Amino acid sequence: ADDGIPIPDNTPLDYVSLTSHANTFGVDPIPISWGHPDPSVRGPVICTVRHSSQRNAIGAHSGSYCIYTGLAVAAGKLNPEYVPNLKLTSPVFQVGPHRSWADPKKLASIDPFGHLTTECFGAYLNKGYDIRPTIAVTKAHIDLPECREAIAAGRLKPDGKVLMDSGQSICSKAAIEPVWYLPEISRRFGCTESVLRRSIFQMTNGMYPELITRSDIKLFLPPIGGLTIYIWGDPETIPDEDIELTCRVHDECNGSDVFGSDICTCRPYLTHAIEECIKTAQRGGCGIVVYFRKEGRSLGEVTKYLVYNTRKRQEGGDSAENYFNCTEQVAGVQDTRFQALMPDPLHWLGVTKIHNFISMSDMKYNAIVSTGIKIVNRIEIPKELVPSDAQVEITAKVFHGYNAGKAYQGIDENELKKTVGREYNYDKPGGKEEKNGHGTETAVVED
């Protein structure tokens, strides 16, 4: 074709191929030059079902929700040949381009052009290609009871711009689905690309045979949750190191974040970070919360609840001393979040310096600074925000290396041994009030 874009090959959807192979007749993926700063040279990510011979990515769009797409087709509710109308979907504020977009060592789990499908790849769309955005950028009003409480307590003051009298805050946000560039992903995890491909293939029970048969395809859209970025203040100030930037990287905890479970510090730390982000925006800076869908340290909520039961039933009760051991006993590993991919959304935003990092995690801190981002201040969760039953978690984490700050100095082996959480008496009939290791009265919950 004169424009250099091949004619799209629309695959008949009544044809089912179990897998495909590299260098065979009819297989001609659209070239991808990952890391090239020019999107017309880099090329679009094509991972839809309409162009099977020209696909340049393994997997499917929408992460784990791709299964629901299959259900919708099976139920006759969705035409499998439907192509989205993207006319009015473009970003409502600008992100990038940034120098980091051209560096795979900084961006390998996100398509930096994933929000610019219509702008950068319009010629492909006009020619008939089905190309889907992997990033959506919009704005929102956030209504949190903790913000209203902060206003009542005088910690927050409405300004009519960032924070309303109602307690609502105005933010920008971006939803991001993962797009993995496998050569760099494997480098970050210290293995070969072939070992990475084989491990994912095996541990998904052969769900993605093209990981084995299509070594020519270097992109993978994994069936996992993505992330959401919330921004208070002007996003355009983010790359400016002279303008204050406050940031929290938060991993999903449905029980605490949504329902207020008090066994961990997740929601209070998250809402404290949002409060600090609002204050920073009101001072003329910018606040960022990156919210990853990594439930239960990426082990899942079922595993997390099994760990909870183990913690509460173990001899001696729910102790800080055995906090991490219980997870390893159930899951075989303490944590599968692996922060090697975590800094990517910060690099997508153009972050090079964080003035206030609202986190005590040494793993997150080390992962971020190892990619060249500077962190000035590390902010611990205020002690008064730690729920009673979460004393086990915070004590164990600080003892094992979390940044203690001034608030948590003096957590030693003696403190570790004596910190015990609520007793539920799971296996005993009836119930009575018990005390945790800090002398706090807590009610027993019966099954």
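Guide: Let us start with the residue that follows α15: this is Gly401, and its phi is positive, near 125°. Please keep in mind that the model is a predicted one.

Visitor: What makes α15 a mostly covered helix?

Guide: Seven of the nine residues of α15 are buried, where buried means a relative accessible area under 20%. The buried residues are Val392, Glu393, Ile394, Thr395, Ala396, Lys397 and Val398. Among the elements that cover them are α11, α12 and α16 (413-418).

Visitor: Why is Thr265 called buried?

Guide: The relative accessible area of Thr265 is 7%, and the cut-off for buried is under 20%; therefore Thr265 is classed as buried. Thr265 is placed in the loop between α9 (254-257) and α10 (266-282).

Visitor: How do you know that the side chain of Thr265 makes a polar contact with the side chain of Glu393?

Guide: The distance given for this pair is 2.9 Å, and a polar contact requires N or O atoms within 3.5 Å, one able to donate a hydrogen and the other to accept it. The pair of Thr265 and Glu393 therefore qualifies. Not counting residues up to four places away in sequence, Thr265 touches Ile381, Val386, Pro387, Ala390 and Glu393.

Visitor: Why is α10 described as largely enclosed by the rest of the structure?

Guide: Of the 17 residues of α10, 15 are buried, so the helix is largely enclosed. From its first C-alpha to its last, α10 reaches 25 Å, close to the 24 Å expected at 1.5 Å a residue. Just after α10 comes Gly284, which takes a positive phi of about 100°.

Visitor: What makes a space in this model a cavity rather than a pocket?

Guide: A cavity is a set of points where a 1.4 Å probe fits but cannot get out, whereas a pocket is an open set. Three cavities of 30 Å³ or more are counted here. The largest cavity has a volume of about 530 Å³. It is lined by 34 residues, and those closest to its centre are Cys266, Arg297, Tyr323, Glu393 and Lys397.

Visitor: Which helix supplies the largest share of the lining of the largest cavity?

Guide: That helix is α11, with five residues. The elements that each supply at least two residues include β7 (245-251), α10, α12 (323-331) and α15 (391-399). By class, the lining of the largest cavity has 14 nonpolar, eight polar and 12 charged residues.

Visitor: Which residues line the second largest cavity?

Guide: The lining consists of Pro44, Val45, Asp111, Phe113, Gly114, Thr117, Phe121, Ile131, Arg132 and Thr134. The volume of the second largest cavity is about 50 Å³. Its lining is made up of five nonpolar, three polar and two charged residues.

Visitor: Why does Thr117 count as buried?

Guide: Thr117 has a relative accessibility of 4%, and buried means under 20%; the term therefore applies to Thr117. Thr117 belongs to helix α3 (residues 117-120). Leaving aside neighbours within four places in sequence, Thr117 is in contact with Leu86, Gly122, Leu125, Ile131, Arg132 and Pro133.

Visitor: Why is Asn254 called partly exposed?

Guide: Its relative accessibility is 24%. Buried means under 20% and exposed means over 50%, with partly exposed in between, so Asn254 is partly exposed. Asn254 lies in helix α9. Asn254 and Gly296 are 42 residues apart in sequence, and their C-alpha atoms are 8.8 Å apart in space.

Visitor: Why does Asn205 count as exposed?

Guide: Asn205 has 76% relative accessibility, and exposed means over 50%; the conclusion is therefore that Asn205 is exposed. Asn205 lies in the loop between α7 and α8 (210-213). Although Asn205 is not a glycine, its phi is positive, about 55°.

Notes
Residues are numbered from 1 along each chain as its sequence is written. This is a predicted model: local features need pLDDT of at least 70, side-chain atom pairs count only at pLDDT 80 or more; totals for chains, interfaces and linings use all residues. Side-chain values use heavy atoms; hydrogens and water are left out. Helices (H or I, at least four residues) and strands (E, at least two) are DSSP runs, numbered from the N terminus. Buried means under 20% relative accessible area, exposed over 50%, partly exposed in between (1.4 Å probe, protein chains only). Contact means heavy atoms within 4.5 Å. The expected span of a helix is 1.5 Å times one less than its number of residues. On a 1 Å grid over the protein atoms alone, a cavity is a set of points where a 1.4 Å probe fits but cannot get out, and a pocket is an open set with protein on both sides within 12 Å along at least five of seven lines; lining residues have an atom within 4 Å of a point. Grid points are joined across faces, edges and corners, and a volume is the space filled by probe spheres set on the points. Ala, Val, Leu, Ile, Met, Phe, Trp, Tyr, Cys and Pro count as nonpolar, Asp, Glu, Lys and Arg as charged, and the others, Gly among them, as polar.
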